[in-house]
Amino acid sequence: MADVVRREVDGFPVFTFRPRGRMRALADRHLVYVHGGSYTEALLREHWEIVAALIRYTGASITVPCYPLAPEHTHEVGHAWVEGVYRELISRVAPERVVLVGDSAGGGFCLAQAMRYRDAGLPLPARVILFSPWVDLGLTHPDTPALEPRDPIQSVSGGRLSGQWWAGADPVTHPQVSPVFGDLAGLPPVDIYTGTADILLPDIRRLSQVIAAAGVPVRLVEYAGGIHVYVAVSYTHLTLPTNREG
């Protein structure tokens, strides 16, 4: 389905997938996929299935940066490293062809990266696509605990600990740690996919409202009964019902 190239950047792997044959002609896009895992886990089988589905349904080439993880590393190290990967990518791929895609922690990571590029005056990607993005690492929304029993993937206590590790010396409300608390104006259009049983649903709805208030086009799609990162469970469902426009 795709040719794979592995390289290392400062000791961390970066994978590039290029569709073969007719698939390459399906879309003139290059995706940067940032994986979830509470900022502490390397890519799992489910993440690679998301990558395979993205290739299958978009025909796009994909870069997968295996960023430095907590607790050994914090957001400062991780974001600087991924920004370096992005800078190299847009030196050979037009930024208007690039789309940032991330799930869970990777979703929050992508949003924070877009804010970082804007602030640095870098050319922005064409779009940001988020699957169940984790955007408040303190999990402070009062409606979150009620969803915890319905979602077998994430927990409040475990998430808060991982969030503290990723934040390092900074508060978990730092915009590069929890981007829902940052300035989201001037970003490219954002598409968000979540489920109604997702433990992060309250924060994701809040994120959609904040993005819309900042004047950025946003589309929130909720899948009935979907748990956290449900696309990794039924990863063929990329076109979903029940739109909520932010």
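Student: Where does Asp10 take a positive phi?
Tutor: In the hairpin of S1 and S2. There are two residues between those strands, and the phi of Asp10 is near 55°. Keep in mind that this is a predicted model.

Student: OK. How do S1 and S2 run, and how many bridges join them?
Tutor: They run antiparallel. Eight bridges join S1, residues 2–9, to S2, residues 12–19.

Student: What stands opposite Phe15 of S2?
Tutor: Arg6 does.

Student: Why call H3 largely enclosed?
Tutor: Because 13 of its 16 residues are buried. The rest of the structure encloses most of the helix.

Student: What comes just after H3?
Tutor: Gly121, with a positive phi of about 75°.

Student: Now aromatics. How many pairs turn up in the whole structure?
Tutor: The search finds 13 aromatic pairs. One of them is Tyr67 with Phe109. Their ring centres are 4.8 Å apart.

Student: Why does that pair count as tilted?
Tutor: The planes of Tyr67 and Phe109 stand at 50°. Under 30 degrees would be stacked and over 60 edge-to-face, so an angle in between is tilted.

Student: Where do the two residues sit in the chain?
Tutor: Tyr67 is in the loop between strand S4 (61–65) and helix H2 (75–90). Phe109 is in helix H3.

Student: Which residues do ring pairs link into a cluster with them?
Tutor: Tyr39, Trp134 and Trp166 join Tyr67 and Phe109 in that cluster.

Student: Let's zoom out. How many helices and strands?
Tutor: Six helices and nine strands.

Student: And what radius of gyration does the chain have?
Tutor: It has 17 Å. A compact globule of 246 residues would be near 18 Å, so the chain agrees with that. The C-alpha trace spans about 50 × 40 × 35 Å along its principal axes.

Student: What share of the residues count as buried?
Tutor: Of the 246 residues, 55%.

Student: What about contacts between residues at least 6 apart in sequence?
Tutor: Of those, 75% join residues at least 24 apart.

Student: Last one. How much accessible surface, and what share belongs to carbon and sulfur?
Tutor: About 10100 Å² for the chain, with 54% belonging to carbon and sulfur atoms.

Conventions
Residues are numbered from 1 along each chain as its sequence is written. This is a predicted model: local features need pLDDT of at least 70, side-chain atom pairs count only at pLDDT 80 or more; totals for chains, interfaces and linings use all residues. Side-chain values use heavy atoms; hydrogens and water are left out. Buried means under 20% relative accessible area, exposed over 50%, partly exposed in between (1.4 Å probe, protein chains only). Helices (H or I, at least four residues) and strands (E, at least two) are DSSP runs, numbered from the N terminus. Rings of Phe, Tyr and Trp (its six-membered ring) pair if their centres lie within 6.5 Å; planes under 30 degrees apart count as stacked, over 60 as edge-to-face and the rest as tilted. Two strands pair if DSSP finds at least two bridges between them. The radius of gyration is taken over C-alpha atoms; the globule rule is 2.2 Å times the number of residues to the power 0.38. Contact means heavy atoms within 4.5 Å. Accessible areas come from the Shrake-Rupley method with a 1.4 Å probe; for residues, only the protein chains shown count as cover.
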